[in-house]
Amino acid sequence: MSQLAVTVIGPDRPGIIADVTEALVGTGVNLEDSTMTLLRGHFAMMIVCSGPFDEVKSALEPLRGELVITVRIMGPEHEHAPIGPSYLLSVHGADRPGIVAAVTRMIASAGGTITDLATRLSGELYVLTAEVEIPPTAELAWLDRALEITAEELGVGVTLRPTESDDL
């Protein structure tokens, strides 16, 4: 058994999740981690599972064509050791190129890491939400100010607040 990464992308339709997961369970695979979402009318799925590579690839073959499917063997599992407390980052404002790059660069500059990030465009409104971990040694006042300056340059609003246990 190998640890596998399976990605599925294609136009949304009812039954994609059922079709993919039924094909996987037929090979004895158990889903370990997964994320599934709609992106501009296209379905996107990422799955980490353990199973027989060749059988998994063959089981998903009938779904190819309508869906772009990749299966790859992952290396050894790397446990994520939190680098510090969790924070929720939110950004909202008029859509423009560079929002994700600029805001995530500020998090990285403080030594932070992003554990989850999602963006949505609704008309002209762009919304980014992220769960980030900031090391205890980071200068939070500096990061808050850097995010504020970056947001002003981009013409967006930004907030960074500690994660409450019920936020997760």
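Q: What makes helix α2 a helix that lies across strands, and which strands are these?
A: In this predicted model, helix α2 (residues 53-60) lies across β1, β3 and β4. Contact here means heavy atoms within 4.5 Å. Against β4, helix α2 runs at about 175°.

Q: Where does helix α1 lie, and at what angle to β3?
A: Helix α1 (residues 16-25) lies across β1 (2-11), β2 and β3. The angle between helix α1 and β3 is about 15°.

Q: In what order do the strands of the sheet come, and what is the sense of their pairing?
A: The order is β2-β3-β1-β4 in an open sheet of 4 strands, and the pairing is antiparallel. From one strand to the next the twist averages 10°.

Q: Why are β2 and β4 said to stand at the edges?
A: β2 (30-39) and β4 (68-73) each have a single partner strand, so one side of each is left without a neighbour in the sheet.

Q: Which residue takes a positive phi in the hairpin of β2 and β3?
A: The residue is arginine 40, with phi near 55°. This hairpin has 2 residues between the strands.

Q: Why are α3 and α4 called roughly antiparallel?
A: The axes of helix α3 (residues 99-109) and helix α4 (residues 140-154) cross at roughly 165° and come within 10 Å. Angles over 145 degrees count as roughly antiparallel, and α3 and α4 are therefore given that description. The crossing in which α3 passes α4 is right-handed.

Q: What makes up the contact of α3 with α4, by residue class?
A: The contact divides into 10 nonpolar residues, 2 polar and no charged. On the α3 side are Ile99, Ala102, Val103, Met106, Ile107 and Ser109. These meet Trp142, Leu143, Ala146, Leu147, Thr150 and Leu154 in α4. Ile, Ala, Val, Met, Trp and Leu count as nonpolar, so Ser109 and Thr150 are left as the polar residues.

Q: How is the protein chain divided into domains, and what separates their centres?
A: The domain assignment gives domain 1 (2-73) and domain 2 (86-162). Taken over C-alpha atoms, the centres of domain 1 and domain 2 are separated by 31 Å.

How values were computed. Residues numbered from 1 in each chain as written. Predicted model: local features only at pLDDT ≥ 70, side-chain atom pairs only at ≥ 80, totals over all residues. Heavy atoms only, no water. Pairing = 2+ DSSP bridges. Axes fitted to C-alpha atoms, helices over the stretch in contact; angles between N-to-C directions. Domains from an automatic or database assignment. Parallel < 35°, antiparallel > 145°, perpendicular 65-115°, else oblique. Left-handed = near helix turned anticlockwise from the far one by under 90°.
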